[in-house]
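Q: I am new to this structure and would like a close look at one part of it. Please start where two chains meet, then follow one of them onward.

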Amino acid sequence: MLLGLSGPALALVLVTMVLPIAWLFGLSFLADDGSLSLVRYRRMIEQPSYARIFGATFKVSLLTTALCVVLGYPLAYVLSQLPRRAANLCLIAVMLPFWTSLLVRTYAWLVLLQRRGLVNTWGMELGLWDEPLALVHNLSGTLIGMVHIMLPFLVLPVLNSMRSIDMDCMKAAANLGASPTRAFWSVFFPMSLPGLFAGSLLVFVICLGFYVTPAVLGGGKIVMVSNQIANDIELFFNWGAASSLGVVLLVSTMALLWLASRLTRLEQLLGASR
Amino acid sequence: MSRASAVPITIRQVAKAYGTVAALDCIDLDVRSGEFLTLLGPSGSGKTTLLMVLAGFIRPDQGSLRFGDQEVIRLAPHKRDIGMVFQNYALFPHLDVAANVAYPLKLRGVSAADCARRVTQALQTVKLEGLGTRRVHELSGGQRQRVALARAIVFEPRILLMDEPLSALDKQLRESMQIELRHLHDQLGMTTVYVTHDQREALTMSDRVAVIAGGRLMQVDTPRMLYDRPGNRFVAEFIGESSFLEVTASGGAWCWNGRPLQLSTEPSGSMDPQPAQGARACLMLRPERLRIAQAGQGSPAPGTNALPARVGDVIYQGDTFLVQALLDDGTRVSARAIAGAAALARAPARNETVELHFDAGEAVLLPEEGPR
């Protein structure tokens, strides 16, 4: 009965997700001449350019995650301390970009940050700097765009975690002799760490596979795994190489998530019902 | 832990209002050094608000609060050096039991060796030795309660506050913990302020009980005095069970339904033993002080009053049975007797006419309308 009802949905998932991924998976094991071989994976280990690409991917993801934590944790803290109504209004402000198209947001940043963009024009007019700053087509532009887009992914799990902290614990800490600062660092912060961990992991994992923003705001100088896959397909028509990269990305992401789920109750932290 | 370190608490004219509602209405209260005082009242009475004022989490609109000689009304909670046990224990989930108990000691810069010794001692005091390495979520409710207690006493505070710490426990555990907490207080000797809505708990554990309702103190007295000599109708109704008769003064004596009553000649509270003609009051009767006797046996002994009544329900309750009766003027009264075999055999039947006897010294005169 259950199988019958879920049949159409299962079929949809099978056809649109499982089969294509399996096909791509298979493609990565075929050499140019069609024979079964591991040459693509061997090339990944041998060629230094691949190491650079993986390095760039991890670097950008780590930096984005770190910046999201630095900006997002205080934001989540303020939201958690506000009365409910004010907090929900502010939360809408954080979420609003979330509901705007990714492409639109990325191009908006391009308009703001480019040489003759809004930031540079106002900055020079106000006399803050003389030469237009290079804010796009480099790492800075990429990071600015990615942090803006990833922030809600960090704020939400952290806020969730903070809201579930029993404030009586803070009162107990104060009663036992902890100053507000001491109470924050010794009680509140450790209790919010699970949420911070979940949020950081989520941001990191999404950044690994990010395409649009590094492509547009990186100006070709930032080559992450996703950009390389795009190049392999669009420029070189090399589906085998592209799919092997895709497989590596998929496997490493899944490995990370599995590791994290062993360390914490990840599903709960990301909002599953208790 | 020395008794010498306990301090008295002096509360003067403390008031707190939320909008137009007075949560605390000019409270004056003295807690003696080393005393176990309970704040007893229904929900919303202000008892928890008062405790929070003592702890420093609520700043009152006016008033003075002294711990010993020190004025603390404006002192931040973390500087007051008092211990507190919360209703839901508020244990730190990211620390194990020993680290939870050691927390206040670490804040006070106690050396690691001293810390370990005192933590072990505290855990022994609350009968949790050996559980130092357990995580909080591995403990039962009763065990968590003891950890919270150990954490609150480990740094030997001069004052201990407890906010309904036993309300989350089941009945058996709650009753045994009441006795244990009392023993602990006797052993440690610190001034303790305990909040509860359970009058039985208050009577069991306290040196004195402060009954509080609507933000005001109704009566502050020993458990015995509160039960035997309540000062107003609220306290009489809140503590124990009671029935009330409307009495009117006639010819210098109090009368019910036209018959004069023999009451104690001791002045009880604010009531005048020589009342003016036509004055009204209410007479409180405790169910266990009413004896059920057969009707028509002649006048009762001197010093005893007899009320003719018609029996309604007779309810067996295990250790006692309750007889609900209707008096001539329509007043309902309850009489309670121990359910021994002989007493049960003699128990009246429904609609039977009986006499309810009570002695002069066992009824309490109260003002007609007590403060509510």
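How many residues of chain A are in contact with how many residues of chain B?

A: First, some ground rules. This is a predicted model, in which local features need pLDDT of at least 70 and side-chain atom pairs count only at pLDDT 80 or more, while totals for chains, interfaces and linings use all residues. Residues are numbered from 1 along each chain as its sequence is written, and chains are lettered from A and ligands numbered from 1 in the order in which they are written.

Now the meeting of the chains. 15 residues of chain A are in contact with 16 residues of chain B. Two residues are in contact if their C-beta atoms, placed from the backbone, lie within 7 Å. On the chain A side, helix H8 (167-175) and helix H9 (180-208) each supply at least two residues. H8(A) gives the most, with 6 residues. Helices here are DSSP runs of H or I with at least four residues, strands are runs of E with at least two, and both are numbered from the N terminus. By class, the side of chain A that touches chain B has 8 nonpolar, 3 polar and 4 charged residues. Ala, Val, Leu, Ile, Met, Phe, Trp, Tyr, Cys and Pro count as nonpolar; Asp, Glu, Lys and Arg count as charged; the others, Gly among them, count as polar.

Next, follow chain B. Chain B is divided into domain 1 (3-235) and domain 2 (243-367). These bounds come from an automatic or database domain assignment. The C-alpha centres of the two domains of chain B lie 39 Å apart. Their contact takes 5 residues from domain 1 of chain B and 7 residues from domain 2 of chain B. The domain 1 side of that contact has 1 nonpolar, 2 polar and 2 charged residues.

Strands of a sheet pair through backbone hydrogen bonds, either parallel or antiparallel. Two strands count as paired if DSSP finds at least two bridges between them. An open sheet of 4 strands in chain B has the order E2-E1-E4-E5, with antiparallel pairing. Its edge strands are E2 and strand E5 (70-71) of chain B, and each pairs on one side only.

Walk across that sheet. Strand E1 (residues 9-18) and strand E2 (residues 21-31) of chain B pair over 7 bridges. Ala17(B) stands opposite Ala22(B) in E2(B). E1(B) and E2(B) form a hairpin with 2 residues between them. Gly19(B) in the turn has a positive phi of about 65°. On to the next pair: 5 bridges join E1(B) to strand E4 (residues 62-67) of chain B. Here Thr10(B) stands opposite Arg66(B) in E4(B). Then 2 bridges join E4(B) to E5(B), and Phe67(B) has Gln70(B) as its bridge partner in E5(B). Helix H1 (residues 47-55) of chain B packs on this sheet and touches E1, E2 and E4 of chain B. The direction of H1(B) makes about 60° with that of E2(B). Axes are lines fitted to C-alpha atoms, for helices over the stretch in contact, and angles run from 0 to 180 degrees between N-to-C directions.

Now turn to another sheet of chain B. Here 5 strands form an open sheet in the order E15-E19-E16-E17-E18 of chain B, and the pairing is antiparallel. Strand E15 (291-294) and strand E18 (332-338) of chain B are the edge strands. The twist averages 50° from one strand to the next.

Take its pairs in turn. 4 bridges join E15(B) to strand E19 (residues 353-359) of chain B. Ile292(B) has Leu356(B) as its bridge partner in E19(B). E19(B) also pairs with strand E16 (residues 304-316) of chain B, over 7 bridges. In that pair, Ala306(B) stands opposite His357(B). E16(B) goes on to pair with strand E17 (residues 320-327) of chain B over 6 bridges. There, Val314(B) has Val323(B) as its bridge partner. E16(B) and E17(B) form a hairpin with 3 residues between the strands. Gly318(B) in this hairpin takes a positive phi near 90°.
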